[in-house]
Amino acid sequence: MGQQWIPGLDGGRGGRRFVLTLATGMVFGFLSACFLLAATNDAPRMFNWITGSPALSSRDPHHYSELESESGPETDVKFHGADEEFHKGEDEVAQEMAKKIRVLCWVMTGPKNHQTKARHVKATWGKRCNILLFMSSEADTSLPTVVLPVKEGRDNLWAKTKEAFKYAYENYKDKADWFMKADDDTYVIVENLRYMLQSYSPESPLYFGCRFKPFVKQGYMSGGAGYVLSLEGLRKLVEDGLTDKKKCRADNGGAEDVEMGKCLDNIGVRAMDTRDPHGRGRFFPFVPEHHLIPNHVDKNFWYWKYIYYKTNDGLNCCSDSAISFHYVSPNMMYVLEYLIYHLRPYGISHKVESTLLVHSSATSQY
């Protein structure tokens, strides 16, 4: 059979016109679809399809930029308190522990996040810290903020971290035993933090968090998951480390958590294993879903190369006494608050330690 002739594809002017018309129609159709999808919830999927990126929704982030547009409720969210009939007496052990294990929490934030993120930390988990500080570059009396002499931006996080820890030490070294740094998109179960810390002495130079293995001999702790210094660890940081540029980086550059890890390694602050007795993690750099659902995070993703200990995903990933999760949206802060502190399955009782370990160098492991 001879080659079929198709009108308009004979190489003449008509053929060129046909091809041009076809191409124009395809481009117009594609752009129209993009504009249509931009007005729907499918816009992120279209973007990911065009760029070849993984199909992650704005509420399922691996990166801080994916939370930039997130904001919480505009009105205050009120939960019933532990002193009301619903949960009366449930937190007696936690209250006693809070008196013995004094935790200062300082939250890394900035002017554009004061009302969209930081205030939701204050309304949820932050209120369980013995002392709560918001570190920023501008004053905000509603939080309130501590104004540090550092410019905003990710290039200044190391400088901001140094100034924040110095401020905490100089003003609160007699009022707290443990000092935690967290981001304004980190959620912390403070009671579980105290539960873990009760086995240690704040008089030992210690450092806790989600431990990563590259760049530093003893490893370093993820900044996003939050990390904790003992009082002695903080003293050594401020007095021995930040005063010596050979031990701790003096300029503003470098990744905040890596530079902190290098600095603490140089001055003899020990990176601790924060896993529970079953080998399950307590500090996490992503939202719970990413750790709890098997294969949610691709095995080629950087996390699996960085994590210090052999780690499972799936329901066996996480300790029953988990402490922190990162990239938590403001709305999710309230969801976690409800699920952790207010939802009670009928007929299920949770056993708690009735006595607390006493902090002393004689009884503590460190």
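A residue counts as buried when its relative accessible area is under 20%, a cut-off used in the first of these close-up views of a predicted model.

**View 1. Serine 329, a buried residue in a loop**. Serine 329 belongs to the loop that runs between strand 11 (324-325) and helix 11. Because its relative accessibility is 9%, serine 329 counts as buried. Although serine 329 and threonine 116 are separated by 213 residues in sequence, their C-alpha atoms are 9.7 Å apart in space.

**View 2. Isoleucine 340 and a nonpolar surface patch**. Isoleucine 340 is part of helix 11, which covers residues 330-341.

**View 3. The largest cavity and its lining**. Rolling a probe the size of a water molecule over the atoms shows where empty space is left. The count of cavities of 30 Å³ or more comes to one, and the largest cavity holds about 60 Å³ of space. Its lining includes Phe284, Phe286, Val297, Thr311, Asn312, Asp313 and Cys317, along with His290, His291, Tyr303 and Trp304. Helix 9 (288-292) and helix 10 (302-306) each contribute at least two residues to this lining. Sorted by class, the residues that line the largest cavity are six nonpolar, four polar and one charged.

Technical notes
Residues numbered from 1 in each chain as written. Predicted model: local features only at pLDDT ≥ 70, side-chain atom pairs only at ≥ 80, totals over all residues. Heavy atoms only, no water. 1 Å grid on protein atoms, 1.4 Å probe; cavity = no way out; pocket = protein on both sides within 12 Å on 5 of 7 lines; lining within 4 Å. Points joined across faces, edges and corners; volume = space filled by probe spheres on them. Helix = DSSP H or I, 4+ residues; strand = E, 2+ residues; numbered from the N terminus. Nonpolar A, V, L, I, M, F, W, Y, C, P; charged D, E, K, R; others polar. Patch = residues over 30% accessible without salt bridge, like charges linked within 9 Å, V, L, I, M, F, W, Y side chains within 5 Å. Areas by Shrake-Rupley, 256 points an atom, 1.4 Å probe, with all protein chains shown as cover. Salt bridge = Lys/Arg side-chain N within 4 Å of Asp/Glu carboxyl O. Buried < 20%, exposed > 50% of the residue type's maximum accessible area, 1.4 Å probe, protein only.
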